[in-house]
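Please keep the sequence and the three-dimensional view at hand while reading.

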Amino acid sequence: MSFFGSKFNPFQTSKRKIPDGLFSKCPKCSQTIYNKEIDANLKICPKCEYHFTLGAWERINLMIDKGTFVEMDKSLISADPLNFQGPKTYPQKLSEDQEATGLNEAVICGLGNIMSIPVSFGVTDSRFIMGSMGSVVGEKLTRCIERGIEKKIPVVIVSGSGGGARMYEGCFSLMQMAKTSGALSRLSEAGMPFISILTNPTMGGVLASFASLGDIIIAEPDALIGFAGPRVIAQTVRQELPEGFQKSEYLLKHGNIDRVTNRRNLTQEVFQILQVLYQENRKEVGIEN
Amino acid sequence: MEPLDFEKPLMEIEKNIVQLKEKALNEKIDFSETIAVLEKEVIEKKKQLYRNLSPDQRLKIARHPNRPNTLDYISFIFKDFIELHGDRVFGDDNAIIAGLATVGGHGVVVIGQQKGKDTKEKLFRNFGMAHPEGYRKALRIMQMASRFQVPIISFIDTPGAFPGISAEERGQASAIAVNLREMMSLKTPVICYVIGEGGSGGALGIAVGDKIVMLEHAYYSVISPEGCAAILWKTATKTPEAAQALKMTATDLHAFGIVDEILEEPLGGAHRNPQEMAQTIKLSIIQTIEEFSRLGGEALIRHRQEKFRQIGVYQTQALSQPSVSQTEMEIGPSPAFNKPVE
């Protein structure tokens, strides 16, 4: 599935902005901006509102109440079930990205509060093998969903994945799509809400499984979201792609997502949604009539 | 039938036999001993060849233009097929076939991707690459089967879901995702046969079942070997290497526990004897229906959930360094990030 994202590399921009120096160039408005200014602005371009990619920990800091996050299943790391023989071996690729990101896998899961509402939270980091889903990402997200069932709390997952299902683990990766979707079927039966947040980019097998199954689906502005990569589509249909194709606003217009929400309002909005959908909490805060 | 490149040496011997037979007939010379030896040799060599194919060679058989497809199997295996059309929302997708039929005294629902054999049919079937309405049609009919406790037989044969503008606009990813979730809770046996190409999410979209069966030369992969070669090796010429690396053959996937059973194909591939292949599949279908029909709806769902729940290989790392907490992490935004936002 990652094939579809092949030639188009949505990370070109995010790579450029990883602050080496003091300034970054916004990929949208081409303005040169002081890095501290971007950071202080939730990594939103102060000139044009472009949303720079957030790392997993940055996302946790943005959305989870300070001091409430407890990481779970941190010890799960990838094996090499195919003994993958490519130009790079899988262990090589893993250690490269571990070094570059300081993460041991492409997802962080845990428990925490969103404005005092307890949630089971997961976030993929698009810098780690393009945020692709292999066995570890699939397993950690499945456990994240299962914690929602066990603890009777909502599940919130923020996706950022240009890679979709991870090639290096072959069909094991493909099957994680069914595994995470199966867990969401049980969550739904348990009556707990699932909020899926799509960030730039969310593609392929990640979008074609858990990320599309939110009771509510919210996208950050201007994010690339699709099943197949734009280049592959352009090559297949041999015509020019429409303006804004596969961007959040385009998906909203075509009825594929509930909302496009600016990062500044995201936490508040998720809170408001959970206040309505999460019955347990509703009783506690006393808004039940 | 055009031989595949690796079949050519064998074809030569076969041609010799035919010529020898003709000569024997025309010139009334007795070559029967030589012919018998040659024929034996051919069979032995064939067995050798086809049991030891490389993944790339199997791929050529899986995509062989004469390989029997869903409609072939429907006509060979089932009786009284009634095709059902449309997703009741947008349209009817000809890349996915669905309908009612009977086999061995059981009423069943049949679902399957249809690639098409000649150019006209390929275009009509969109090369077996479904749009969202195809997945939605399949789900609509599978959910009906679940309501009436009718077993579902799914034939998987697609290069992938269609990568197109309208497919994206109508929610290709969503259509597949919803199938993955909803197929988990079908209260009837779902038996899946990967008969040719198991192309990624497009294949999985109708392949969440109680039993996953693969034909000997079929493939099932997270990405096409061409796509994988283009991304990792940056050239399509490395497709054989990618096919090898992806471990996409029935034998590999069976060893991984992803596929439950492999059905042996007629020597040289299903296209050499479609009827024989169909008979093998038919026996498997009847046997599996009887096996799973004994389970009730809830037990089937538990079994199916558990089956996919346990797929995945990972290790548990001993945590030597203290875990990084949210507040003391090194990488991350400036403290301003944690301030309340207006």
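## A helix of chain B and its end

The model discussed here is predicted. Just after helix α1 of chain B, the residue B:Lys28 takes a positive phi of about 50°. Helix α1(B) itself covers residues 8–27, which gives it 20 residues. From its first C-alpha to its last it reaches 28 Å, close to the 28 Å expected at 1.5 Å a residue.

Which residues of α1(B) are buried? They are B:Leu10, B:Met11, B:Ile13, B:Ile17, B:Leu20 and B:Ala24. An α-helix has 3.6 residues a turn, so residues three or four places apart point the same way. The cover over the buried residues of α1(B) includes α2 of chain B, residues 32–51.

## Helix α6 of chain B

Helix α6(B) spans residues 132–147. It has 16 residues and reaches 23 Å between its first and last C-alpha, close to the 22 Å expected at 1.5 Å a residue. This helix is mostly covered, with 12 of its 16 residues buried. Among the buried ones are B:Pro132, B:Tyr135, B:Leu139, B:Ile141 and B:Ala145. The buried set also includes the residues B:Glu133, B:Lys137 and B:Arg140.

The buried residues of α6(B) pack against several elements of chain B: the strands β2 (96–103), β3 (106–113) and β4 (152–158), and the helices α7 (165–169), α8 (172–183) and α9 (200–204). Just after α6(B), B:Gln149 takes a positive phi of about 55°.

B:Met142 has its place in helix α6(B). Why does B:Met142 count as buried? The reason is its relative accessibility of 0%, since buried means under 20%. Leaving aside residues up to four places away in sequence, B:Met142 touches B:Ile111, B:Ile152, B:Asn179, B:Met183 and B:Leu186. B:Met142 and B:Thr316 are 174 residues apart in sequence, and their C-alpha atoms are 39 Å apart in space.

B:Asp56 lies in helix α3 of chain B, residues 55–62. B:Asp56 counts as buried because its relative accessibility is 16%. With residues up to four places away in sequence not counted, B:Asp56 touches B:Pro240 and B:Ala243.

## The second largest pocket

How much space lies in the second largest pocket? The volume is about 660 Å³. Its lining is made up of 33 residues, and those nearest its centre are B:Phe127, B:Met129, B:Pro159, B:Gly160 and B:Glu197. The elements that give two or more residues to this lining are α8 (230–237) of chain A, together with α5 (119–124) and β5 (190–199) of chain B.

The largest share of the lining, 3 residues, comes from α8(A). Sorted by class, the lining of this pocket holds 16 nonpolar, 10 polar and 7 charged residues.

## Chain A as a whole

Chain A contains 11 helices and 11 strands. Of its 289 residues, 64% are buried. Chain A exposes about 10500 Å², of which carbon and sulfur atoms supply 48%.

Contacts can also be sorted by separation along the sequence. Among contacts in chain A between residues at least 6 apart in sequence, 69% join residues at least 24 apart.

Methods
Residues are numbered from 1 along each chain as its sequence is written. Chains are lettered from A and ligands numbered from 1 in the order in which they are written. This is a predicted model: local features need pLDDT of at least 70, side-chain atom pairs count only at pLDDT 80 or more; totals for chains, interfaces and linings use all residues. Side-chain values use heavy atoms; hydrogens and water are left out. Helices (H or I, at least four residues) and strands (E, at least two) are DSSP runs, numbered from the N terminus. The expected span of a helix is 1.5 Å times one less than its number of residues. Buried means under 20% relative accessible area, exposed over 50%, partly exposed in between (1.4 Å probe, protein chains only). Contact means heavy atoms within 4.5 Å. On a 1 Å grid over the protein atoms alone, a cavity is a set of points where a 1.4 Å probe fits but cannot get out, and a pocket is an open set with protein on both sides within 12 Å along at least five of seven lines; lining residues have an atom within 4 Å of a point. Grid points are joined across faces, edges and corners, and a volume is the space filled by probe spheres set on the points. Ala, Val, Leu, Ile, Met, Phe, Trp, Tyr, Cys and Pro count as nonpolar, Asp, Glu, Lys and Arg as charged, and the others, Gly among them, as polar. Accessible areas come from the Shrake-Rupley method with a 1.4 Å probe; for residues, only the protein chains shown count as cover.
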